[in-house]
Amino acid sequence: MDVEMLLLSFMLLFSSPGASFADCPQSKYDGLTGTVLSHEGEFYQNNLNCSYDIRVPVGRRAILEFKKLKIAGMMPECEQDSLEIIVGCNDNSIHLGKFCSCSELVMPEKIYSLDHCITLIFKTDGSGQNTGFEANYTSMDNNTKLDPTSNCSQKFFNQASGTFFTPNWPLTYHQNAGCTWNFSIPSGREVRLFYTSFKLGGSPFCNKNRENEEDELRITGTNTTGQEIFIEKRICSHSSPSFKSYFTLKQMKNVQVKFASEGTTQTKSDESGVVVNYASYRTASSLSGCQSHPTVKPSTVKSSTVHESTVRANNSSEALRTASLSWNVGRGKPLKENRGLPYVHCVFDLRGPWSKRVDKAVEWLSRGKPPHFIALYFEQPDAVGHSHGVSSQEYRQMVENVDVDAVGYLLKRLNESSFLPKVNLIVVSDHGIEDTPSSRRVYLDDCIDPSSYTVIYTGSVPAYIWPKLGMIDIIYQNLTRNPIPHFHEVYRKEDVPDAYHWKNNRRILPIYIETEVGWVVTRSRNDTLLNRGSHGWPPH
C-alpha cells in the first residue's frame with residue numbers, strides 16, 4: 001500500500017454521550033424504611049443520569065446499607081460509570097465522592113446521614129454495563145444515642161472498611177472527651193476516608209493560641225516507607241476554608257484518627273461530633289480488569305485489544321482498512337461485521353493516559369498493512385466544561401492540557417516515527433459549550449401541574465416532557481398560552497423543525513422545550529444539578 005495515501009483523522013470531539021432519564025426509577029423514598037434499586041432488569045443501561053432522593057421523615061436520620069454495588073468503573077475517579085453519594089439536605093449536605101466497583105470496593109456496613117436526607121446520583125457512559133446497586137435505607141430518631149459510651153479509649157480496626165463515632169453521637173458530645181482510632185490498610189489497597197457528619201464547636205481557623213484546648217480532629221498516618229504523614233493536621237469546624245469531606249489515601253500502611261474536646265466551654269446542643277468512615281479498594285496495578293455485561297467481554301475492555309472484520313466504504317469495490325480508538329460510535333461494544341469493510345476497532349474506554357491512545361494509533365500506522373483511516377477520540381475539555389463551566393480556570397487549564405498532552409503528543413509521536421509528512425491530519429469538534437450556572441434555571445413545576453407528567457429529560461439541552469395519558473394538549477397549551485421567560489420555543493414532537501432531524505424516532509418524547517442559550521430546564525428547586533456547562537441549543 002502507498003503510505004502517502006494514509007488519512008489519519010484525529011477527532012477532538014468535545015462531547016459526551018447524551019444522558020438518559022427515561023430509564024431511571026420513578027419511586028419515592030420517603031418512608032421510615034425502604035429499598036433503592038438502580039434499575040429494573042439484570043443489567044443497567046448505558047448513558048443513564050439518575051437521581052434517588054431518600055427523604056425519611058423530618059426529625060429522623062437516614063441510614064443507608066448497600067446489599068449490592070456492581071458499577072463498572074475504577075476507584076478513585078470512577079471516570080466510567082459511578083454512584084455519587086451526598087448526605088444531608090440542601091446547604092448542610094456533604095459530598096462523599098464517587099464510588100464504583102471494578103476495584104473490588106469494600107464499603108462500610110452502614111452510612112449514617114447527618115439529617116433526614118441522602119441523595120444518590122447514578123451515571124453511566126457507554127463503555128460497559130453491570131448489575132448496578134441495591135441498598136436498603138432505615139432511619140433513627142434524632143434523640144437516639146448510637147454509641148452507648150460517654151467517652152472512648154483507643155480502638156484498632158483491622159477490616160477493609162469501617163465507621164467510628166465521637167462519643168454520644170448523634171447527641172451532644174461531652175467536655176474533656178477524647179478518642180483515638182487506628183486502622184491498618186491491607187497491602188495492595190487504597191482508602192477513601194470520608195465524613196458523613198461533622199459538627200464540632202471549634203473555630204473555623206483553629207485558634208493557634210489554644211493548641212490542644214479546642215474541640216478538634218486530627219488525622220495522621222504512616223506510609224509504606226515508614227514516614228509519618230499529616231492527612232488532616234488539625235480541623236476544628238466544618239466551616240473552615242480548608243475543610244474537605246473526603247480523602248484518597250494512597251501508599252499508606254496505617255491511619256490514626258484522634259478526636260478531643262476541651263473542658264472550659266459548655267458544649268452547644270447542635271455540636272454532635274463527627275462520624276468518620278473509610279472504604280477500601282484494590283489499586284489499579286493489582287487488578288486484571290472489570291466484570292461487565294457479557295456482550296462486552298472482559299477481554300475487550302483493555303484498549304490494547306482489537307477486533308477485525310470486513311466492511312466496504314462508499315459502496316466501493318475496493319475494501320479500505322479503517323480503525324477507531326475510544327470512539328463512542330461503538331458504545332462500548334465491538335462493531336459487528338457490516339457489508340465487508342475491514343476495520344480495527346477498540347471499545348469506548350476512557351481509562352488511562354491520552355498518550356496510550358496516541359501510541360496505539362501510531363502502532364497501527366506501523367503495521368505491514370496499516371489502516372487507510374483512523375478515528376482517535378478524546379473526551380476533554382467537554383467533561384470539564386460540563387462540570388465547571390467554560391469560564392472556569394479548570395476549563396482553561398484543560399484546554400491547555402489537551403493542546404499539550406493530546407494534540408502536542410500526537411504531533412510529537414508522528415514526527416518521531418516519520419509519519420507526520422505522510423498523513424493528512426484532521427482535527428474536528430462537533431459543538432461548543434455554554435456556561436449554565438445555577439442562576440440560569442427554569443423550574444417546570446412553576447409552569448405546569450407536577451402531577452400531569454411522569455418523566456422529564458432535563459438538566460441538559462433541550463428538555464423533553466412525557467405527559468400522562470390525555471395530558472399532551474393541556475401541557476402544551478399551558479406552556480404556550482403566555483410567554484415563559486427564557487423559553488425560546490415549545491414544540492409538539494411532530495412539529496419540531498425538519499432541520500433539527502429530531503422528531504421521527506420513537507424514543508423522542510412528545511413535548512420538546514427549546515430554551516434561550518445558557519438556560520436549563522429542571523423539574524423543581526429541589527433538583528440537584530451539578531453541571532455548570534452544557535450544549536445542544538440549535539444554531540440560530
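**Salt bridges and nonpolar cores**

A network of salt bridges links Glu214, Glu216, Arg218 and Arg234 in this predicted model. Within that group, the side chains of arginine 234 and glutamate 216 pair up at 2.5 Å, N to O. Both residues are buried.

The salt-bridge count comes to 15. Another of these joins aspartate 446 to arginine 525 (2.9 Å, N to O). Here the link spans distant parts of the chain, 79 residues apart: aspartate 446 is in the loop between strands S25 (441–443) and S26 (453–457), and arginine 525 is in the loop between strands S30 (520–522) and S31 (533–534). Aspartate 446 counts as exposed at 51% relative accessibility, and arginine 525 does too, at 57%. In helix H1 (residues 354–365), lysine 360 and glutamate 363 are three residues apart, about one turn of the helix, and their side chains meet in a salt bridge of 3.0 Å, N to O. Lysine 360 is buried, at 11% relative accessible area, whereas glutamate 363 is partly exposed, at 40%.

Turning to the nonpolar side, the largest core has 39 residues, and those touching the most other members are Leu64, Phe66, Ile85, Met107, Leu120, Phe122 and Phe133. Strand S4 gives the largest share, four residues. Domain 1 (1–144) and domain 2 (145–286) both contribute, so the core lies between them. Methionine 107 has contacts including Phe66, Ile85, Ser161 and Ala279.

Key:
Residues are numbered from 1 along each chain as its sequence is written. This is a predicted model: local features need pLDDT of at least 70, side-chain atom pairs count only at pLDDT 80 or more; totals for chains, interfaces and linings use all residues. Side-chain values use heavy atoms; hydrogens and water are left out. A nonpolar core is a set of buried Ala, Val, Leu, Ile, Met, Phe, Trp, Tyr and Cys residues joined through side-chain atoms within 4.5 Å. Buried means under 20% relative accessible area, exposed over 50%, partly exposed in between (1.4 Å probe, protein chains only). Helices (H or I, at least four residues) and strands (E, at least two) are DSSP runs, numbered from the N terminus. Domain bounds come from an automatic or database domain assignment. Contact means heavy atoms within 4.5 Å. A salt bridge is a side-chain nitrogen of Lys or Arg within 4 Å of a carboxyl oxygen of Asp or Glu. Lists of a residue's contacts leave out its neighbours within four places in sequence.
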